Amino acid sequence: MEDKNNISYDNESITSLKGADRVRLRPSVIFGSDGLEGCQHSVFEILSNSIDEAREGFGNKIEVIRHKDMSITVRDYGRGIPVDYNQKEEKYNWELLFCELYAGGKYLNNSGTNYEFSLGLNGLGLCSTQYSSEFMEVIVVRDGFKYRINFERGENVGGLIKEETDDTGTGTYIYWKPDREVFTDINIPLSYYRDTLKRQAIVNKGLIFEIFDEESEETFTYCYENGIKDYINEIIGENGLTDIQYYENETKGRDREDKPEYKLKFEVAFCFSNEKNTIEYYHNSSYLEYGGSPDKAVRSAFVYAVDNYLKNNEIYKKDEKKIIYSDIEDSLVLIINSFSTVTSYENQTKKSITNKFIQEAITDYLKKRLEIYFIENKSEAEKIANQVIVNKRSRETAEKTRINIKKKLTGNIDMNNRVEKFVNCRTKDITRRELYIVEGDSALGSCMMGRDAEFQGIMPIRGKILNCLKANYEKIFKSDIIIDLLRVIGCGVEIKSKHNKDLNSFDISQLRWSKIIICTDADVDGFQIRALLLTMIYCLAPTLIRKKKVFIAESPLYEINSGKKTYFVYSEKEKADVLKKIKGKYDIQRSKGLGENEPEMMWQTTMNPETRKLILVMPEDVEKTQRMFDLLLGDNLQGRKDFIEKFGYKYIDLSEMS
């Protein structure tokens with residue numbers, strides 16, 4: 001073992017990273033991560049320069065290629081990066097831009113020169129991405145020349161190659177491959193490119209973004225002529241509760257009295273919907289995943305304006321609590337696209353901004369515009385107020401219900417008799433435990449006597465349960481049968497409604513059974529109870545179906561006796577096949593209800609893993625299942641009538657069973 005007392009720590013112990021090692025050995029300092037997210041951000045650094053150039057009015061198209069070997073090409077039609085000799089700096093510009101951190105042409109953006117509203121400000125993007133690449137090839141066309149520069153793992157190869165060209169167009173072409181020695185993962189999915197280019201098209205109206213994917217040989221093009229207004233139209237479709245409002249403003253200010261004044265311009269588009277909700281912020285074209293200043297502004301302004309309207313129009317009930325932002329957010333579709341000549345990003349990844357002036361300016365502007373909007377559009381203001389109040393009261397009800405459900409669903413059912421008539425099994429081995437959900441007390445009796453008590457538990461249900469497609473959550477969770485079933489199953493509930501997110505408590509690891517087996521009579525009532533049970537599971541715990549935990553125990557239709565042999569058959573075809581085999585006399589009768597079966601018969605036909613027939617409820621076509629459940633058990637009365645008229649004849653024989 002090394003003796004730590006002999007390790008020296010002196011003046012020679014201090015070292016500094018130089019050249020490419022400043023990025024290659026510590027990529028997370030620049031890119032926020034040394035994994036896939038950091039690699040993706042390195043791509044965005046290159047893209048940002050092209051976007052800045054296009055926004056300044058130079059070129060209206062940016063092309064990206066996702067190569068099969070995970071290398072990337074970004075091409076723009078701007079002025080072309082200056083790469084020739086720089087007299088002032090006494091260096092070539094390509095060395096400054098691609099080999100020097102904190103070198104760039106955007107530091108004076110607040111002085112009214114180049115790149116007033118720029119994505120890239122820190123002079124890190126080109127250099128840090130070059131340093132983190134396995135190779136990089138740069139081609140620049142400008143001033144009648146074509147310039148070529150090549151790099152390998154942060155080192156230039158061959159200097160600057162300059163040649164005259166007849167090409168009258170200008171622009172920059174950068175082809176590179178992120179280095180696996182720097183990033184743990186460089187396999188950037190197509191979805192990242194598509195999402196990123198679409199977002200940039202949204203906030204840079206009229207610019208064309210094109211991505212060609214070599215892997216799928218598909219090309220995707222994005223362009224929004226009217227920017228964020230077109231995007232909101234795309235989101236809401238026909239689901240708008242109100243018309244789209246669009247505002248834009250330009251102003252100046254400072255974050256602190258001793259700080260320089262800077263320019264701010266922003267555009268806001270929003271509408272309300274009872275079907276959709278989307279909030280997105282962009283600053284200097286960068287998508288602000290965490291928002292920061294504009295998000296704080298929206299929260300403050302919308303709560304202030306809507307709360308004032310509710311109070312002034314006496315919509316609140318007496319002593320009712322004030323709305324909170326989530327009540328508005330649940331029905332708000334809003335995009336803010338802002339630009340400033342001075343920007344304080346939370347870090348290099350640009351996912352949040354912290355400018356105090358931007359927050360204050362957007363807050364004040366929105367408060368005034370919303371007040372005017374509510375006064376001038378009374379019918380829309382009423383719709384917004386009513387929807388926000390619905391959201392608020394749904395949230396409050398959901399919170400009360402969540403607390404109530406948590407109490408009801410917790411508790412160790414193995415240790416006490418809290419679930420009426422539930423019969424547990426002995427084993428604690430989850431991989432063996434099976435839960436039979438049976439119809440009524442009589443079926444409980446025959447199943448109890450016919451089961452293997454070591455691994456088979458039984459839960460009887462009394463009558464037809466609630467149709468969970470037609471009932472709201474409050475009504476569902478007042479049903480003792482449903483609560484008891486959920487407690488016995490053990491894994492909680494999955495809630496999809498945006499107003500009841502807090503009710504979600506599903507945890508598949510808490511499932512107490514390897515199989516949940518629905519076991520009902522083979523008659524109309526039994527089929528309906530089975531459908532209602534499947535509907536309940538589909539609505540409240542669909543993952544159980546996706547994980548293939550739900551089964552139907554197929555009950556025999558007929559019992560055929562011939563001499564000393566008894567056959568149990570499960571379909572008309574099977575009955576015909578058995579009868580063909582029998583030689584001599586036989587007796588055939590419809591199978592009885594589960595409660596009338598002898599224990600031995602129950603074991604043989606329904607519960608013995610060796611002889612029973614279980615139908616796995618398959619997850620493959622969830623959408624088709626949902627449509628059928630909605631049609632047969634939902635609110636579409638006319639659709640149900642049409643379906644019965646068209647296909648009902650196929651099921652008439654089932655309705656005549658008794």
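Helix α8 is followed by Glu-314, whose phi is positive, near 55°. Helices here are DSSP runs of H or I of at least four residues, strands are E runs of at least two, and both are numbered from the N terminus. The structure is a predicted model in which local features need pLDDT of at least 70 and side-chain atom pairs count only at pLDDT 80 or more, while totals for chains, interfaces and linings use all residues. Residues are numbered from 1 along each chain as its sequence is written, and side-chain values use heavy atoms, with hydrogens and water left out.

Helix α8 itself covers residues 293–312, and its end C-alpha atoms are 29 Å apart, which agrees with the 28 Å that its 20 residues should span at 1.5 Å a residue. The expected span is 1.5 Å times one less than the number of residues.

Most residues other than glycine have a negative phi. The residues below depart from that pattern.

| Residue | Phi | Note |
|---|---|---|
| Met-70 | about 75° | positive, not a glycine |
| Asn-284 | about 50° | positive, not a glycine |

Met-70 is placed in the loop between β1 (61–66) and β2 (72–76). Asn-284 belongs to the loop between β13 and β14, and this residue is buried, with a relative accessible area of 0%. Buried means under 20% relative accessible area, exposed over 50%, and partly exposed in between, with a 1.4 Å probe and protein chains only.

The strands β1 and β2 belong to an open sheet of 8 strands, with mixed pairing and the order β7-β6-β5-β8-β2-β1-β9-β10. Its edge strands, each pairing on one side only, are β7 (155–164) and β10 (218–222). Two strands pair if DSSP finds at least two bridges between them. Neighbouring strands of this sheet are turned by 10° against each other on average, direction ignored. Axes are lines fitted to C-alpha atoms, for helices over the stretch in contact, and angles run from 0 to 180 degrees between N-to-C directions. Strand β2 runs antiparallel to β8 (residues 171–178), to which 5 bridges join it; Arg-75 stands opposite Tyr-173 in β8. Helix α6 (residues 190–203) packs on the sheet and touches β1, β2, β9 (208–213) and β10, its direction making about 170° with that of β9. Contact means heavy atoms within 4.5 Å.

The strands β13 and β14 occur in an open sheet of 5 strands, ordered β11-β12-β16-β13-β14 with mixed pairing. Here β11 (245–253) and β14 (286–287) are the edge strands. Between β12 (residues 262–272) and β16 (residues 332–340), which run antiparallel, there are 9 bridges, and Val-268 stands opposite Ile-336 in β16. Helix α7 (residues 228–236) packs on this sheet, touching β11, β12, β13 (278–283) and β16, and its direction makes about 160° with that of β16. Helix α10 (residues 356–376) lies across β11, β12, β13 and β16, at about 40° to β12.

Helices α14 (residues 480–489) and α15 (residues 524–540) have axes that come within 12 Å and cross at roughly 65°. The contact is made by Ile-482, Leu-485 and Leu-486 of α14 with Leu-533, Met-536 and Leu-540 of α15.

Ala-453 lies in the loop between α12 (440–450) and β19 (456–461), and is partly exposed, with a relative accessible area of 22%. Ala-453 is 29 residues from Asn-424 in sequence and 7.9 Å from it in space, C-alpha to C-alpha. Leaving aside neighbours within four places in sequence, Ala-453 is in contact with Cys-425 and Arg-426.
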